[in-house]
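Visitor: I am new to this structure and would like to learn how to read it. Please take me through a few features in turn.

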Amino acid sequence: RESDHRAWTPVTYTVTRQNATVQGLIQGKAYFFRIAAENIIGMGPFTETTKEILIRDPITVPDRPEDLEVKAVTKNSVTLTWNPPKYNGGSDITMYVLESRLIGKDKFHKVTKEKMLDRKFTVEGLKEGDTYEYRVSACNIVGQGKPSFCTKPITCKDEIAPPTLDLDFRDKLIVRVGEAFSLTGRYSGKPAPKVTWLKDDIVLKEDDRTKIKTTPTTLCLGILKSVREDTGKYCVTVENSTGSRKGFCQVNVVDRPSPPVGPVIFDEVFKDHMVVSWKPPLDDGGSEITNYIIEKKDTHKDLWMPVTSATVKTTCKVPKLLEGREYQIRIYAENLYGISDPLISDEMKAKDRFRVPDAPEQPIIKDVTKDSAVVVWNKPYDGGKPITNYIVEKKETMATRWVRVTKDPIFPGTKFKVPDLLEGCQYEFRVSAENEIGVGDPSPPSKPIFARDPIAKPSPPVNPEAVDKTKNSVDLSWQPPRHDGNGKIIGYLIEYQKVGDEEWKQANLTADSCPETNYKVTGLTEGLTYKFRVKAVNAAGESDPAHVPDPVEVKDRLEPPELILDANMAREQHVKAGDTLRLSAVIKGVPFPKVTWKKEGHEVSPKADIEVTGVGSKLEIRNTVHEDGGMYSLTVENPAGSKTVSVKVVVLDKPGPPRNLNISDVRSDSCYITWMEPEDDGGSVITNYVVERKDVASAQWVAISSSSKKRSHMAKYLMEGIQYLFRVAAENQYGRGPYVETLKPIKAIDPLHPPGPPKNLHHVDVDKTEVSLVWNRPDRDGGAEITGYLVEYQEDGADEWTKFQTVPMLDCVVTGL
């Protein structure tokens with residue numbers, strides 16, 4: 001049975017052998033088979049093949065591959081392609097074997113080492129100039145088949161072919177808006193050329209509407225749903241190392257025009273006709289406007305009536321109107337590709353419109369002399385009736401009343417020479433037009449003019465020269481021109497030119513930006529050399545240029561620094577504490593020097609404000625204190641040198657505290673106070689000292705001297721036994737300094753001295769080991785009550801006295817002898 005059927009089919013004969021040949025099977029189909037044994041009793045059970053059997057021819061090696069071709073050759077590689085064999089030998093191809101033979105050798109050598117199923121291979125690493133031939137074989141499960149026919153001998157060298165370009169489009173292409181268009185062609189070249197599409201010299205990129213497709217041999221640019229902006233010159237460039245080819249196509253995307261540009265102007269309106277005008281469409285749709293279609297409509301009706309459909313002018317007479325009715329006009333533009341949307345006018349009533357003429361535009365004044373001027377104007381709209389006269393008026397600028405310049409009619413000319421002006425006066429002029437209806441409004445006044453003879457251009461400036469320069473600027477100076485051409489010099493134009501260039505550049509754009517006879521030309525390049533010239537300008541125009549004689553090289557002019565000291569930079573500067581210290585100096589030098597302020601060789605205090613301008617420098621310290629005094633130095637330095645000046649600053653203040661306060665010679669009613677002058681006198685001579693005392697039990701200090709110029713004082717009138725503190729302060733013309741105070745209280749008592757010697761010492765009794773002594777009181781007790789007597793003894797001939805004891809009375813028994 002067939003593998004996809006269920007029904008079994010008997011084979012047409014009965015066999016007695018143990019094998020059979022089954023005929024009539026279909027190649028490519030799969031079958032199952034079963035066999036049963038039979039005897040005279042009957043048929044036994046069937047035995048079935050376990051797997052389906054596919055009917056096919058016996059397997060052999062594959063045929064030879066077909067169409068072996070060389071696709072590309074370079075100096076060191078060959079690329080080959082081939083097709084599979086017509087018959088694969090009954091089994092799938094498992095790999096291909098590519099072989100090559102160097103011409104002149106006998107043997108073929110295998111090129112591919114790995115298992116290869118692709119039918120394209122590039123043989124690399126060949127030697128330039130060598131010649132090879134190639135063949136390929138196919139392998140299947142049985143083995144390797146016959147090789148293909150050999151290629152022609154191939155020599156390794158770069159294939160070069162200049163690009164070729166074969167286009168399917170013409171030089172011009174017209175496309176309707178919304179349609180798609182494509183530009184196609186074929187190309188070739190070796191190496192493979194690069195394909196570039198441009199529109200109006202701008203490279204095209206793919207987007208939603210722009211599609212670019214390039215194969216190795218064909219090229220295509222497609223534009224979907226074209227718009228008017230797609231109009232342009234398209235170019236395709238095919239380029240490789242040997243050259244390039246270009247193809248062009250002018251694509252015109254056309255459409256019906258846009259509407260005519262409004263508003264519709266009613267140039268003339270009468271009771272039975274109108275003349276209207278309009279402007280052409282902004283976009284003619286890429287094709288010339290062939291026609292305008294004009295229609296009219298009575299606003300009381302809904303019907304549009306044709307006026308004309310055969311005019312290319314942008315003006316049209318609309319006839320056959322009913323007086324007093326209001327009309328609208330609509331206008332279509334037409335080209336080869338259709339009719340635009342309409343332009344619709346405002347409503348306009350059909351009636352005669354006669355009125356006085358419009359005001360002329362502002363008149364122009366020409367040919368001014370000291371007593372006359374020519375007034376020129378344009379003809380205004382005549383109001384529907386012809387102009388019969390012009391009225392010209394004048395007035396002095398500062399006056400208010402206008403005066404007619406002549407009673408005679410002025411017509412048909414539109415200019416008039418006004419006589420009888422007063423030299424030096426400033427005048428304005430205006431013009432009115434007149435028709436049979438009346439006189440129209442006057443024009444705007446002319447620009448004011450002075451009645452004086454015309455001026456000429458001035459002569460050139462005199463002696464221009466470069467007076468200074470920096471690394472990016474040059475200062476020029478000159479004298480005014482000898483002749484100003486009867487007109488005030490408005491200013492000067494300065495021009496410069498890099499040496500070697502032909503073009504002169506303007507340093508200033510307008511003459512009034514340089515009214516003086518000097519100018520700094522900036523923005524120049526350091527190290528370059530420039531020429532300069534100057535022109536004078538008056539109302540008549542520019543003079544001939546005056547040239548600076550020699551070219552100027554732009555670089556810094558070196559001038560050593562210079563210091564011009566202000567009064568506050570005298571050798572010594574005194575400033576009162578709390579006031580502001582100001583030090584300043586004028587600084588010169590080219591380039592402008594670097595400015596450094598120092599105090600005692602160190603940075604100045606952060607509280608100091610330092611200002612540096614282009615002409616000088618200033619140092620300012622507000623609320624000075626004594627510590628701000630010292631030696632200040634100002635240093636200016638540039639590449640040409642340096643300069644330093646110094647000034648001693650004394651901040652005048654109250655003195656410091658006196659030093660080394662000492663109390664001596666204390667008595668019961670007085671003591672002697674001494675001190676040394678303060679270390680710091682505050683910058684001013686100490687005028688006096690203030691001495692005060694205080695009982696330690698009191699809170700109040702009492703002055704005992706406030707005008708002492710000496711550095712000592714006898715404090716009198718103390719109370720015996722009381723403890724006192726003393727303090728001293730110094731004063732100068734700026735005030736009293738801080739006090740210095742005694743560290744410990746001083747007690748007011750007389751000083752103590754040792755008592756005098758006891759008198760009349762003698763013995764009254766002697767024993768072998770003791771002596772009884774008596775004596776009298778000494779003459780003086782030393783200022784205090786005697787508290788006892790010290791008894792000493794000395795062995796005869798010895799040096800030392802031996803203390804015995806201190807006794808309170810006037811007698812003593814010395815024992816232990």
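Visitor: How many residues lie between strand 36 and strand 37 in their hairpin?
Guide: In this predicted model, two residues separate strand 36 from strand 37 in the hairpin. The two strands run antiparallel and are joined by two bridges. N435 stands opposite G438 of strand 37.

Visitor: Which other strands pair with strand 36?
Guide: Strand 33, residues 387-396, runs antiparallel to strand 36 and is joined to it by nine bridges. Within that pairing, E393 has R430 of strand 36 as its bridge partner. Strand 38, residues 449-450, also pairs with strand 36 in the antiparallel sense, over two bridges. There Y427 is partnered by I449.

Visitor: Is strand 36 mostly covered or uncovered?
Guide: As a general idea, side chains in a regular strand alternate between the two faces of the sheet. Here, strand 36 spans residues 426-435 and is mostly covered, with seven of its 10 residues buried.

Visitor: What does the annotation say about domains?
Guide: An unreviewed UniProt entry places "Fibronectin type-III" domains at several spans, including residues 359-454. The "Ig-like" domain feature, also from an unreviewed entry, is placed at residues 163-252 and 561-646. In the model, residues 561-646 are 0% helix and 62% strand, with end C-alpha atoms 16 Å apart.

Visitor: Which residues are closest to the centre of the second largest pocket?
Guide: The second largest pocket has a volume of about 300 Å³. Of its 13 lining residues, F450, R452, D453, I455 and A539 are closest to the centre. The lining comprises eight nonpolar, two polar and three charged residues.

Methods: Residues numbered from 1 in each chain as written. Predicted model: local features only at pLDDT ≥ 70, side-chain atom pairs only at ≥ 80, totals over all residues. Heavy atoms only, no water. UniProt positions renumbered as here; feature names shortened; annotations may be inferred. Helix = DSSP H or I, 4+ residues; strand = E, 2+ residues; numbered from the N terminus. 1 Å grid on protein atoms, 1.4 Å probe; cavity = no way out; pocket = protein on both sides within 12 Å on 5 of 7 lines; lining within 4 Å. Points joined across faces, edges and corners; volume = space filled by probe spheres on them. Nonpolar A, V, L, I, M, F, W, Y, C, P; charged D, E, K, R; others polar. Buried < 20%, exposed > 50% of the residue type's maximum accessible area, 1.4 Å probe, protein only. Pairing = 2+ DSSP bridges.
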